[in-house]
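Thanks for coming. Please look at the picture before I go on.

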Amino acid sequence: QVQLVESGGGLVQAGGSLRLSCAASGRINVMGWYRQAPGKQREFVARITSGGSTKYADSVKGRFTISRDNAKNAVYLQMNSLKPEDTAVYYCSAGRVVLADYWGQGTQVTVSS
């Protein structure tokens, strides 16, 4: 069982930036992020494979950057040009082939107007 621990959430004004971090208890092939806003379904944000292949949701493309440090079993999400609609609980996720085998506890990101 892989455990994921997130950090970096907080309150930021529109146009600002935050960097989320997620540390895994072991090596895992695919790591990434989902988010869930109040009253909405959990949605995919971004993912990265151990080989560095990335994928982003259209809503964050060009603003968010996902990266990982395989030596530290960590994944990061640099969030720039934040918008109020980015407000959500952000969940780190990981899996052997796809995401969603393992989940972090979530970290709150709030973007004020």
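Leu4 has Ala24 of strand 3 as its bridge partner. The next pair to look at is Val5, whose bridge partner in strand 3 is Ala23. A word on what you are looking at: this is a predicted model, where local features need pLDDT of at least 70 and side-chain atom pairs count only at pLDDT 80 or more, while totals for chains, interfaces and linings use all residues. Residues are numbered from 1 along each chain as its sequence is written, and side-chain values use heavy atoms, with hydrogens and water left out.

Strands here are DSSP runs of E with at least two residues, numbered from the N terminus. Two of them pair if DSSP finds at least two bridges between them.

Strand 1 and strand 3, residues 18-24, run antiparallel and are joined by four bridges. On to strand 8, residues 74-79: strand 3 pairs with strand 8 over six bridges, also in the antiparallel sense. Within that pairing, Leu20 stands opposite Leu77 of strand 8.

How much of strand 3 is buried? Five of its seven residues are, so to speak, under cover; buried means under 20% relative accessible area, with a 1.4 Å probe and protein chains only.

Four strands form an open, antiparallel sheet in the order 1-3-8-7. Strand 1 (4-7) and strand 7 (64-69) are at the edges with a single partner strand each, so one side of each has no neighbour in the sheet.

Methods. Buried means under 20% relative accessible area, exposed over 50%, partly exposed in between (1.4 Å probe, protein chains only).
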